[in-house]
Every structure is written in structure tokens, then in C-alpha cells.
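Take a look at the model below. This report walks through a few of its parts, one at a time.

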Amino acid sequence: MFNKLLERAGVWFVLPLIVAMFSAEVLAHGERAQLASMRMRTMHWFDFQVSATTVKVGDIVTMRGTFSPSEHWPEQLPNISDTGFLNVGVPGPAFIRIDSSVNGVPMIRSTAFHAGKVYEYEVVLRARLPGRYHLHPLINVKDAGTLVGKGAWLEVVAAEDGQPFVNNATTMLGDVIDLETHGLQNIINWHLVWIVMGVAWLVFWLARKQLFIPRFILVRHLKEDANSLITKKDFVVAGIFYVVTLGIILGGYLWAENKYPITIPLQTGKVVVEAPDIPTGGLDINVDSAQYKLAGRSLTIQTTMANNSEHPLHLAEFMTANIRFLNSDVALSTAYEDEEMVSMDGLTASVNVIAPGQTVEVELVAEDALWEKYRMTGMIHDPDSRFAGVLFYYDDEGNRYFQELGGPILPRFFD
Ligand SMILES: [Cu+2]
């Protein structure tokens, strides 16, 4: 007996400890939690910018950037070419979203995004609660879940004169309402109504002193006469509760219809977003093989590249799972101040510049401890070992081009 108790108590001591151990990691940076393969092969996010990193309550913040769905989207994952919704990832209701668009199309509703296309998004937010937040763009994919873009830190400080956050809106009928408190009293009233009903129902049965166990015992005792357990009083009281409940629901409905005669339902249709193709700039890339070296924390990609353009092309950057590997020999891709997940000289190419008309074998090596830090090593546990990422390159005039590289990947454990 005592042993059992001790065992149980042990569980309650150990369990919170385990939870605390893991949650520390989770709280630190949620985006690492997603499968490495999912981060590499679903959505390529890049050029993420926020218009300000320190704002006051009530100020506007605009976040913009680009994404392109992967051609190597995992087979088992519902595809974004069905339904996706552009969203913002931030802990709690710290901002309100004023406007959002993709390629200029308002993103109030969902849409479909297609592989190999380029989507430029913009989300306008207004700071609501003071604090320090890690702000991410996200896409909710129907049946697949949320895909997270790279985040940026944002500091929201209280307004100078301590003014409260104001969020007024004008309805279609011309009424100005305060969205911070609109309908709040209604919600409180309805909660009170149903709490009173629920408590009354419980009090009735508590007064009867016949809850689950006593009734269960009585039913066993009475056998065939179990029906006699229900008295006429029970029947009448239950009937009254039933009628009053339906009456309140019907009354509430009629009252709302009367008070708000003109309403429109929430809109759920899809919009169409036109999008340009990825600008490949006339570079044909064939991925011959790829390996991931665990000890070296590096991804090596063997490719054959053919430059069919009229300009030399400079291989500047490889990006996968929101991690950027820049080629410091070319130094054309840049990182913004305090940008996370960037390796300034993480990319080495056996050939840095591909001349016009040239076909050449190029070995790309993306190497950095970031593979480990962002838990990309987990890809070796994948039953479908494939990688995908975006290679960025520039011509002599500074025009940027890019395309997706992807294919099977072989892990290497030694050397
Ligand atoms: Cu974050």
C-alpha cells in the first residue's frame, strides 16, 4: 500500500520536472520543433523585413517578404495548392491585423499557392500590448497545419502619455464601435444566464441526494422496478428546465434578430492570386547527388549547371528551412542587422562564376553549426530522405535570380 502511494507521488514529482525540461526548449524557439524535412520541403521564405523593431502601442508595423512553395512538397502532406491562409505568428493578442495581401490581392480569405511561383506578401499590424515579441509570417495549410517563416524580434513599448489602445471601427450602417469592448457585456450576460441554469439544475439533484453512485446502487437493488426511481417531481422539474432552456435560446435568437436586423455571414470563399514564375535567369541546374555529413554538419550537393543566359552568373547563397548559407567569395547576398539563422560564409562552391554558354560540374557545400542548432540533423530519421532548398545567384548587373534545388539525400556518418 505504502509502496504504491510512494510510486504515485513519484510520478507527480517527476512529471512536472520532465515537462519543465522540455518546455524550456519549446519556449525558446518554437519554429525548431517542426520536422526538418517539413521545414526544407514545404515553403521557402525569404527577404523577410519588418518596418520597425521598436514601436509604441498604437503604432503601425508592416512586415513583408517573399515565399515560394516547394516542388518537393512531401507526398504524405496535404498540398498548399489546395488551400492556404497567410497569417502572423506572435504569442497572444499583442497586435491587431489591419491589412494583408499577397501579390497585391487582399488576403482576408484563403487562397491556393502553387509550387515554383513567387509570392510577395505584406501584412500591416498595429501594436496593442507592450512587450517583446518574436514575430513570424505563417501560412496555415488546410489539413497540413502551420508553416512558419523566419521571425524577427520586435519591442512594443507603452505609448508616451500612457494612452490606452484604441480600436474603433465603423460598421456598414455607419455606427462607430470600439472593438476592444464591443459585445463584451453581452458575452458576460449570456455566461451568467447559463451558469444560473446549470447551478440550479445541480442544486436540484444535490438536494435530492441522488447523484451517480447512489442511483447506480439503487438501480441494481430495484432490478425490474428501476423505473420507479424517477418520480413525478423529477419529471416535472426536468420538463420545466427543458422548456426554459429552449425558451431562452429562442428568445435570444429573436432578440438578436430584432436588435441587429442587417447582418452578413462570415465569408469563406477562396480568392485567386496570380503569381509570376521563379526567375531562373537562364541557368539550368541538374542535381546529380547530395549527401549530408553528420560529423561535418554539412550538406554537399553535386550539380551540373548550364548557363544559357548572356551574362556570367555568380552563385551567392543557398537557403533551406529558413537558414541562409552565404558565399563569402561572391559576397552579393547580404544579411540585415541582427538577422538570425544566417551563416555569413556557410556556402562554398567549387565554381563561383558560371560563364555564359558554359556547362560545368559544381559542388556546393553548405556547412555550419546552424544545422545542429536548428535541429536539421533530424532529417536522417526521415523514411523519405530528400532535401530541398533555394539557390540564389546574380548576374553582372546585380539582378538576382533563384531556383529550387532538391532530390534524394544520403546521410554520411563517418569522415
Ligand atoms: Cu520565433
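## A strand pair at the chain's end

Start with one residue pair. Tyr-292 stands opposite Pro-411, a residue of strand β25. The model is predicted, and every value here is computed from it.

## The open sheet

These two strands belong to a sheet of 5 strands. The sheet is open, and its order is β20-β22-β16-β15-β25. The pairing is mixed. From one strand to the next, the twist averages 25 degrees.

Which strands stand at the edges? They are β20 (347-349) and β25 (410-412). Each has a single partner strand, so one side of each is left without a neighbour in the sheet.

Now turn to β23 and β24. Strand β23 spans residues 386-394, and strand β24 spans residues 400-408. They pair in the antiparallel sense, over 9 bridges.

In soluble globular proteins, nonpolar side chains tend to be buried together. The largest nonpolar core in this model has 36 residues. Phe-318, Leu-347, Leu-391, Phe-392 and Tyr-393 have the most contacts inside it. Which strand gives the most to this core? Strand β23 does, with 7 residues.

Leaving aside residues up to four places away in sequence, Phe-392 touches Ala-316, Glu-317, Met-319, Ser-333, Arg-400 and Phe-402. There is also a second, separate core, with 31 residues. Among them are Tyr-121, Leu-125, Leu-147 and Val-148.

Helix α4 covers residues 212-222. How many of its 11 residues are buried? The count is 0, and the helix is hardly covered. Lys-223 follows α4. The phi of Lys-223 is positive, near 50 degrees.

## The whole protein

Step back to the domains. The protein is divided into domain 1 (31-167), domain 2 (184-259) and domain 3 (283-412). The C-alpha centres of domain 1 and domain 2 lie 46 Å apart.

How values were computed. Residues numbered from 1 in each chain as written. Predicted model: local features only at pLDDT ≥ 70, side-chain atom pairs only at ≥ 80, totals over all residues. Domains from an automatic or database assignment. Core = buried A, V, L, I, M, F, W, Y, C linked by C-beta atoms within 7 Å. Buried ≥ 20, exposed ≤ 12 C-beta atoms within 10 Å, placed from the backbone. Helix = DSSP H or I, 4+ residues; strand = E, 2+ residues; numbered from the N terminus. Contact = placed C-beta atoms within 7 Å. Pairing = 2+ DSSP bridges. Axes fitted to C-alpha atoms, helices over the stretch in contact; angles between N-to-C directions.
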